[in-house]
Amino acid sequence: MDDTNLLFIGAILSVALGGMALRLVRANKKLDWNEAIAAHILCLMFITKGIQNAATAYFNQALESSETHWQFWVSISMSMDYIFTGSAIAIALLYPVPLLRTIKQVKVGLSLIGGFTMFCLILDVVGLNLTAFGLPGLLYYAVAIIWGGVYVKFRLIDPEKRNDSTRNVALVSGLFMTLILGHVWMWWPGLILQSNYFYFFDLGGGALTSTLWDFMWLSGYAIGIGAGLTMLGIEIYLALSGDGNKLLYVLLPYFVLGLIGYSIYSKGDDAGFIIDTSSSEIIDLWSVFTTSLHFTVIRPIIAMYILLKFGLFDIDEETKPMAKLMSIILIVVATSALLELLQSILPINQMISAALLGIIIALGLGWEEKSFHRLVTDPADMRIGLDKKWFPELDIPRKYISRIDFACMIYCIIAVLVAFLIWKMDIIIELATTRMGGAE
Amino acid sequence: MTSEQNVIRDFFDTKEDRNKLTIFLVFLIAIVLYHATVFWVVLQDDIDSQFDLQSFAIGFEEQSTISEESRVINDGEVATLQFTVGDEVFDSHSGFGMLFLTISYAETSGEFADPCDTVSVDLTPTGANAAWDDERNDLSAISSDCETMSLVLHVFPEYNNTTQQVTGGGQQDWIDYWTDDSHGKGTFNLEVEVIVNEPPSALVPTVSDNEETIVVTWEAVFFDIDVAPVK
């Protein structure tokens, strides 16, 4: 199984879970205004991320042909990434603690984010995509500073004020940061030790992106790693002080994998997850098992956990079957993808792997039954024992919040039209020709 | 903006909070500055030149193996002479560059005033893998005056025994490109036809010219390559 197949699996997982989660979130009338907006955006973020995964996979396939329709897929992929950026920043401003505290602040904040997303799409149309105007790396700056700040504030709050709610606020912030920055954390030694695989990272490939663009994007990675190292340090310190949090078990693997990855990536000429066809097999495998797996499987798992654990679903007899179905889809698809990946490198007979898959899924479903019950019957609270000032009451009718879904749908339709335009006008090919001095 | 509306104030409301968040933000700034310094100062030249294409000089050193064969061919007969290079020769060289053939003959009948016979040769594009369509090839010839004929076949595509300068790819890529033993493997077939030109005394019963001895020299030119980066 290669990276492209994994992207398709990630696409199915994200779209299916995002779609079902959106239905459950819409049905949950108990959510406070900030939770409702954040939950809506989180679901939409995953639907669009799924579309992006599929578009990227189709782009990889299209590159193998001599036709130019790869421009359509790359444009879809980029426009979905803009909405991912906007969604993550919007959630960070509202959840777990709303930093926007008045109707006016919410309107201005969300309008700016929506405007910026559309601005990026316009840059694509006018041939200014992948330039510094698009503020590359903004997502990582916003996530590191906002969720990082919330994490530090609540995780290191005075011991006498520390309670389950403060721990949960810190946990949610940490999980969201893991969701956005996890793949970056696996390159932390590259940043510190000045490795080529980190500093030569070039998302656009060659002269398509300027050195300034590359710097801004990588600078986002750097601040993300800084925030991650801070969280890891705090979690280790607090665990040694007797106030451990499960976030440590989430963070630690990423940073340990970073150490192993350093020795692997340093052997090749490739940078980050940009693996070319001539790269060595071990680098290719490592990238698929770490970065790609994070993008396609771990992200939906983290999102699902947040939705279930922190009460963003209202699980009752009516909604329970769908929530359980989501968990089962997650387990079955994730475990089968993982086993397929293992089968691609280990000489396992297909019959044995099929039997193993059955056993793993059976165990997974058994575990799901137990853990699902624990998750939905014991949701984590973030408000008890916290000053009310952190959760201002705003009267935002749900019908307005539900319009976010409609706005997202309109954006997706526009994005498809823009992608079609870009393909038919050969905008990206012309851009590449101009910036690379004749080479496509 | 009132205090309740300003979240920043709540974040920095106590001295302890201020200190913790300030340390966090200073650490982030330090990381960003460190990254900027490495990117723009320490590794700037390497980063700027990461997509520069490396040039290489590719030199060729030739070695030839020569074999000679003579064949008596009757009047009107088309004989096929074959030539094959052993695997051990391929193993000791980068590639099989060119194949030169010289075909010579003389009038050997010994009859008075016997003119040279007509000999035509044709290196047929069958049997061995080579650049048969190369415009520089000379695959057939004909002679009626005992002149030595020469044929040339370019076996390895684009090979011309002059140092080349190429740009892009890696050193190993070019070594791999010019190391390929599939070119020249197999059997080369040379078709030779002799048309005897009778001497004026051919009417005399004891005088006859009905065959000719053809000598073919096969020169297989192999090459070894040297790929050196050009600074």
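Chain B is divided into domain 1 (3-48) and domain 2 (55-230), with bounds taken from an automatic or database domain assignment. The centres of domain 1 of chain B and domain 2 of chain B, taken over C-alpha atoms, are separated by 75 Å. The model is predicted: local features need pLDDT of at least 70, side-chain atom pairs count only at pLDDT 80 or more, and totals for chains, interfaces and linings use all residues. Residues are numbered from 1 along each chain as its sequence is written, and chains are lettered from A and ligands numbered from 1 in the order in which they are written.

For chain A, the domain assignment gives domain 1 (1-129 + 402-440) and domain 2 (132-311). The C-alpha centres of domain 1 of chain A and domain 2 of chain A lie 20 Å apart. The contact takes 29 residues from domain 1 of chain A and 26 residues from domain 2 of chain A. Two residues are in contact if their C-beta atoms, placed from the backbone, lie within 7 Å. On the side of domain 1 of chain A that touches domain 2 of chain A, two or more residues each come from α1 (3-27), α2, α3 (70-94), α4 (103-125) and α15 (427-435) of chain A. Helices (H or I, at least four residues) and strands (E, at least two) are DSSP runs, numbered from the N terminus. The largest share of this side, 9 residues, belongs to α1(A). By class, the side of domain 1 of chain A has 22 nonpolar, 5 polar and 2 charged residues. Ala, Val, Leu, Ile, Met, Phe, Trp, Tyr, Cys and Pro count as nonpolar, Asp, Glu, Lys and Arg as charged, and the others, Gly among them, as polar.

Helix α1(A) packs with helix α11 (residues 281-309) of chain A at an angle of about 10°, with the axes 10 Å apart. Axes are lines fitted to C-alpha atoms, for helices over the stretch in contact, and angles run from 0 to 180 degrees between N-to-C directions. α1(A) and α11(A) are therefore roughly parallel to each other (angles under 35 degrees). Residues of α1(A) in this contact include A:Leu6, A:Gly10, A:Leu13 and A:Leu17. Among those they meet in α11(A) are A:Val288, A:Phe295, A:Pro300 and A:Met304. The contact of α1(A) with α11(A) has 12 nonpolar, 4 polar and 1 charged residues.

Helix α2 (residues 33-63) of chain A and helix α14 (residues 398-424) of chain A pack at about 20°, their axes 10 Å apart. α2(A) and α14(A) are therefore roughly parallel to each other. Their crossing is right-handed (the near helix is turned clockwise from the far one by less than a right angle). From α2(A), residues including A:Ile37, A:Ile41 and A:Leu44 meet a set in α14(A) including A:Ile401, A:Ile404 and A:Cys408. This contact divides into 8 nonpolar, 2 polar and 2 charged residues.

A:Phe420 is also found in helix α14 of chain A. A:Phe420 is partly exposed, with 15 other C-beta atoms within 10 Å (buried is 20 or more, exposed 12 or fewer, partly exposed in between; C-beta atoms are placed from the backbone). A:Phe420 and A:Gln71 are 349 residues apart in sequence and 8.5 Å apart in space, C-alpha to C-alpha.

Between the chains, 27 residues of chain A are in contact with 24 residues of chain B. On the chain A side, α5 (138-155) and α9 (211-240) of chain A each give two or more residues. The largest share, 10 residues, comes from α9(A). The chain A side divides into 14 nonpolar, 9 polar and 4 charged residues.

Conventions:
Angles under 35 degrees count as roughly parallel, over 145 as roughly antiparallel, 65 to 115 as roughly perpendicular and the rest as oblique.
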